[in-house]
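Here is a short tour of one protein model, meant to be read with the structure open beside it.

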Amino acid sequence: MRGELGSVTLMLEPLRRIAAYAVCTNSVSQILLVRASQRSGTPGTWSLPGGAVDHGEDPCDTVVRETAAETGLSVSVATLTDVLADMRALPERGITIHTDRLLYRVSVRGGTLTERVDQPTDLARWFTLEQARELPLRSFTARALGLSTSSADMVPDEPPEFPSFYAVEGPDGLHRAQRFAAYAVVTDPDDRVLLTRVSDGYPGAGCWHLPGGGTDYGEQPGAALIRELVEETGQTGRLVELLGVASHRDAASLGPEGYPIDWHGVRAFYRVVVDQPAPPTVTDIGGSTCEARWFAKEELGALPVHRLTEVTAEAVQAARLT
């Protein structure tokens, strides 16, 4: 039976999306959940409120907008709690979806719980953790709540073929691309910081950048980051903590494709430690990285801001390295 399901899922059209969700508790430690309606791919299951990040939208705005739409509550974002990815197959729709999920802790500012008709979610309710444990939960929701559950999601036997870069031409003729990536603020035992330099022909050419890059279909952000670190710098590192997420849009980015792209990058950045540093070596020849180098803190602090990519400047500040 599993072999038959595998052959079915491999024929489905692969899609990717980025989504943001609210982890919201009230004064009596109940958690806010929403129920998937018959219009959804998983009717009757419960999950955290949230949904897809629109092109160019900051995920913080997404989680506020989606929570209001699904629950009737206005929330404010406190902090990012986790970033994870999953795949699920929906044969009835002919698709397999990889979703990069950003989880935010939020608090309620006001509003009243509402029910919805003819929408992907139809109910919003408060539950204790003990009550939530008995519900049919989406797997990412159970993980966020620290609960174990058997998911009803159909998962492909192996990730389908999907390009690492995918731009879609819009009705106005301009191509648009939304990409999820994972990057690292990398340090060694001497507190040096590892940076990579962007190759000519790519956006940000000549600037110093964080090691990392786009995640593959079916790949977790942390695993992607460690893989990219080896490919771009020849270093083996270990994940220490999630630092944050950056969302940047360039309405007319120019890269090796040779035509303008309305580019929206959502990038998770982590602290990574290399315990046994080595001279940096770029093994992915011909890609977007042309050089890698260890910087002492004073050298990093002396770099002009225009020599750093936007996400690098933001991540270095978040890590308090300068």
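## An open sheet and its surroundings

In this predicted model, four strands come together as an open sheet with mixed pairing, ordered β4-β1-β6-β5. At its edges sit β4 (50-52) and β5 (73-90), each of which pairs on one side only. On average, and ignoring direction, neighbouring strands of this sheet are turned by 20 degrees against each other.

Follow β5 to its partner β6 (residues 95-111): the two run antiparallel and are joined by 16 bridges. Leucine 73 is found opposite glycine 111 in β6. Now look for helix α2 (residues 59-71), which lies across β1 (13-24), β4, β5 and β6 and runs at about 90 degrees to β5.

| Core | Residues in core | Some members |
|---|---|---|
| Largest | 28 residues | Val83, Leu102, Tyr104, Val186, Val245 |
| Second, separate | 18 residues | Ile31, Phe140, Leu145, Leu147 |

Which residues does valine 83 contact, leaving aside neighbours within four places in sequence? Its partners are Arg101, Leu102, Phe180, Pro221, Leu242, Val245, Ala268 and Tyr270.

An unreviewed UniProt entry carries the annotation "domain: Nudix hydrolase" for residues 14-149 and 177-317. In the model, the span 177-317 is 19% helix and 41% strand, and its end C-alpha atoms lie 27 Å apart.

Methods:
Residues are numbered from 1 along each chain as its sequence is written. This is a predicted model: local features need pLDDT of at least 70, side-chain atom pairs count only at pLDDT 80 or more; totals for chains, interfaces and linings use all residues. Side-chain values use heavy atoms; hydrogens and water are left out. Two strands pair if DSSP finds at least two bridges between them. Axes are lines fitted to C-alpha atoms, for helices over the stretch in contact, and angles run from 0 to 180 degrees between N-to-C directions. Contact means heavy atoms within 4.5 Å. UniProt positions are given in the numbering used here, feature names are shortened, and annotations may be inferred rather than shown by experiment. A nonpolar core is a set of buried Ala, Val, Leu, Ile, Met, Phe, Trp, Tyr and Cys residues joined through side-chain atoms within 4.5 Å. Buried means under 20% relative accessible area, exposed over 50%, partly exposed in between (1.4 Å probe, protein chains only).
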